[in-house]
Amino acid sequence: MASEFVILAVYVDVINLVGIPEKLQKAIEYLKKEFEMKDLGKTKLYLGLQIEHLADRIFIHQSAYTERVLKCFYIDKAHPLGTTMIVRSLKVNKDLFRPPEEDRNSLVPKYPISVQLVH
């Protein structure tokens with residue numbers, strides 16, 4: 001047997017209801033008797049989250065916010081560029097980029113590095 005529930009999420013003057021459809025309808029009818037309110041249908045935007053109701057799932061994203069941030073920093077007109085990703089092994093012996101044991105010192109500079117501070 002499925003649980004029967006209704007969750008009310010209240011933020012200022014907006015109430016979002018989540019639950020089983022039959023119970024949601026009863027809750028809406030009760031709230032309309034007690035308070036002056038409008039049913040605005042399914043939530044599409046809530047606290048900056050865009051909510052899309054699909055046939056078998058709900059998709060939540062922030063693409064409008066992301067676009068605003070990109071425009072703010074003038075990145076909205078940038079051209080995407082694909083780069084290859086180097087995959088490294090977490091096992092030290094299987095890491096293709098690890099120098100062989102005999103070449104361990106090859107990463108040490110041949111000449112000493114000196115730093116001079118200028119005031």
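1. Let's start with Y74, which sits in the segment after α2. Its phi is near 60 degrees, a positive value in a residue other than glycine. Y74 is also exposed, with a relative accessible area of 73%. Here, exposed means over 50% relative accessible area, buried under 20% and partly exposed in between, using a 1.4 Å probe and protein chains only. Helices (H or I, at least four residues) and strands (E, at least two) are DSSP runs, numbered from the N terminus.

2. A word on what you are looking at. This is a predicted model, in which local features need pLDDT of at least 70 and side-chain atom pairs count only at pLDDT 80 or more, while totals for chains, interfaces and linings use all residues. Residues are numbered from 1 along each chain as its sequence is written, and side-chain values use heavy atoms, with hydrogens and water left out.

3. Now the overall layout. The protein has 2 helices and 5 strands, arranged along the sequence as β-β-α-β-β-β-α. Of its 119 residues, 9% count as buried. Taking contacts (heavy atoms within 4.5 Å) with a separation of 6 or more, residues 24 or more positions apart account for 11% of them.

4. V6 has G19 as its bridge partner in β2. The hairpin has 2 residues between the strands, and V12 takes a positive phi near 55 degrees there. V12 lies in the loop between β1 and β2 and is exposed, with a relative accessible area of 72%.

5. The open sheet comes next. Three strands are ordered β3-β4-β5, with antiparallel pairing. Because β3 (45–46) and β5 stand at the edges with a single partner strand each, one side of each is left without a neighbour in the sheet. Between β3 and β4 (residues 49–53) there are 2 antiparallel bridges; Y46 has L49 as its bridge partner in β4. As background, strands of a sheet pair through backbone hydrogen bonds, either parallel or antiparallel.

6. Which side chain makes a polar contact with the side chain of H61? It is that of E52, at 2.7 Å. A polar contact is a pair of N or O atoms within 3.5 Å; within protein, one must be able to donate a hydrogen and the other to accept it, and residues adjacent in sequence count only if both atoms are side-chain atoms. H61 is in strand β5 (residues 58–61) and counts as buried because its relative accessibility is 14%. Leaving aside neighbours within four places in sequence, H61 is in contact with G48, L49, Q50 and E52.

7. Not counting residues up to four places away in sequence, E52 touches R57, I58, F59 and H61. E52 and K42 are 10 residues apart in sequence, and their C-alpha atoms are 9.1 Å apart in space.

8. Beyond four places in sequence, the contacts of Q50 include K44, L45, F59, I60 and Q62.

9. Finally, the surface. Y65, V69, L70, F73 and I75 form a nonpolar patch with about 460 Å² of accessible area together. Patches are made of residues with over 30% relative accessible area and no salt bridge, joining like charges within 9 Å and nonpolar side chains (Val, Leu, Ile, Met, Phe, Trp, Tyr) within 5 Å. A salt bridge is a side-chain nitrogen of Lys or Arg within 4 Å of a carboxyl oxygen of Asp or Glu. Among the patch members, V69 is in helix α2 (residues 63–72).

Terms used: Pairing = 2+ DSSP bridges. Areas by Shrake-Rupley, 256 points an atom, 1.4 Å probe, with all protein chains shown as cover.
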